[in-house]
Amino acid sequence: MSYPRLLRRTLLYMGVTAFALWVLVPIFFIGISSFTPRNEIYAWPKPIIPSHFTLETMRFFLNSYGVLNSLLNSVWVALLTLSFTLAVGAPAGYAVARFFFRGREAFRLGILVTRMFPTALLAVPLAVTFIRWGLYDTLVGVALIHTAMALPFAVIITTGIFMGVPKDLEEAAMTLGCSRFGAFARVALPLALPGLAAAAMFTFVISWNEVFAATILTVNNRTLPAHILTTIQASPLYFRFAGGFFMILPALFFMFLIRRYLFHMWGGATAER
Amino acid sequence: MEARLRRLLGTDTFLPYWLLLPTLVFIGVFFFMPLFNAIMLAFRADNGAFTLDYFKKMVADVRFIETLKYTFLLAVTIVPLQLVTALAMALLVNTGFRGSRFFLYLFALPLGISDLAAGLIWLSIFTQHGFLNSILYSLGFIQRPIYFISYQNIGLTFLAIVIAEHWRATAIVLVILVAGLQMISRDYLEAAEVLGARGWKKVWYVILPMLKPSLQSALIIRTIFALQTFAVVLALAGNIIPVLAGEAYFWHFLYRNSHIASAYAVLLMVISIGMTWFYLRFLRSRMEVIRG
């Protein structure tokens, strides 16, 4: 390897390593904090690596009043959100992918624009409406607004997924005697399944992470982020750190599983601008 | 009659609209209705009369000017930093070296991290006995901890928020830019190389101009979301630094006044629309200048 090329290589790897550290070191820090003995969190000077690692801090967090309950709520809301979102959004994604119809482009642009409006603008009036409808402080209520927030992504993502399934295959199935729906269910759906699973996980993460609307729309039935946010001023630092770490775990796991799809998803979102 | 209708609905002319219907209904109920209600809440008194009282109360709040200032400052500081960082990451990864995919996934990792969690992560670094102070101490720079987050050090507190939000939300810009880079045809790059453009020249004269639509989307999307910055600020700095979304939250959650909360939300919407319009206009006119 020639000298300038070697130098360029070295610089390149130094650059990406620096960025990688920038991303990873904070996650590493919150990880350490969550397994540091509670009294050492407040010590000064604090050693960067604690005297010993312990599960006690994490256990304290999980056993704190309201945490387990809100954790279950979060899981339910996220599952409801992904069911609603796919049930409502996937047919639209399929329509945009398969058909040319009047208003197709307007629909695609319009649905993106809805996501550009501030969450506060939806959450505050919906709190008022939900009181009237009996949905205030319910998991379904939170899941509904999360669905509204995730729907634009779901439509865009599923459009991309169904575009990846050749139309010819469905047409072939129909010439062989399948109905329109049969061709979809037996041919397109199985092929789209991995992509749809990725979309579902992405939706799960959106709901799991959402805090503003969840806080505004609940009082007793808080999701985990809403619970942490509303008790934040009163809770000790080790509670907050353990909470922060706990919240990122499933999100990072799902992001890892769907890493291949991430760029397709957004490629579709911005390609046709 | 019924058979004819069924035949009509069964054709591909109507099928796509049926498939869109659930989404359209959902958007109607959970987007347009709250949007309309928010405007109603902000402009209509409980007796139904039109009023500007809620906006007057909002503007008269002692924190209002500060809130507006910090919301804007955060957006105009964070977004350009993110574009530069994400562009650097994207261009490095785009060289396609061994392991570039691995690094790309690493850089995109914060995509899965919520604003609340990011605030808490950086709290563990910036808090009084946090990692930053510990590191500075062990390197011998300080004896006592620096109060990065306090009313006495508003500047440092602001900087902490900028760093946390930059760390969290750069990934989305990266993803948009990488998607944009992937769409640039190899032919252009090869043509550029044949004509002798290499390294920086290729980036500056070929890649950047072709990446412009992606840069523009990223700029608009990120600015709109940066204006809504909320949980990072709250988790990291309590209410030392007020922001618009935070005020809407406090007015609804603490003071139980959904009218004034809606007024803040409407203001946020107006600013978002204004900024988008500004960018579209400004960027297009620049583009025309370059073309002409």
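Two residues are taken to be in contact if their C-beta atoms, placed from the backbone, lie within 7 Å. Among contacts in chain A between residues at least 6 apart in sequence, 73% join residues at least 24 apart. The model is predicted: local features need pLDDT of at least 70 and side-chain atom pairs count only at pLDDT 80 or more, whereas totals for chains, interfaces and linings use all residues. Residues are numbered from 1 along each chain as its sequence is written, and chains are lettered from A and ligands numbered from 1 in the order in which they are written.

Chain A contains 13 helices and zero strands, where helices (H or I, at least four residues) and strands (E, at least two) are DSSP runs numbered from the N terminus. The C-alpha trace of chain A spans about 75 × 75 × 30 Å along its principal axes. Of the 273 residues in chain A, 47% are buried; a residue is buried if 20 or more other C-beta atoms lie within 10 Å of its own, exposed if 12 or fewer, and partly exposed in between.

Helix H5 of chain A (residues 104-114) has A:Phe107, A:Arg108 and A:Ile111 buried. These residues lie on the same side of H5(A), because they cover an arc of only 100° around the axis, the arc being that of the directions from the helix axis to the C-beta atoms. The face turned away from the buried side of H5(A) carries the exposed residues A:Glu105, A:Ala106, A:Leu109 and A:Val113. The buried residues of H5(A) pack against helix H4 (67-98) and helix H7 (139-163) of chain A, together with helix H2 (15-43) of chain B.

Between the chains, 75 residues of chain A are in contact with 80 residues of chain B. H2(B) supplies the largest share of the side of chain B that touches chain A, with 16 residues. A:Ile145 is in contact with B:Phe30 as well as with A:Leu122, A:Ala123, A:Leu126, A:Ala213 and A:Leu217, when its neighbours within four places in sequence are left aside.

Two loops of chain A show backbone features of note. The peptide bond from A:Trp44 to A:Pro45 is cis, with omega near -5°, and A:Pro45 is placed in the loop between helix H2 (38-41) and helix H3 (56-63) of chain A. A:Asp137, in the loop between helix H6 (119-133) and H7 of chain A, has a positive phi of about 65° although it is not a glycine. A:Asp137 is partly exposed, with 16 other C-beta atoms within 10 Å.
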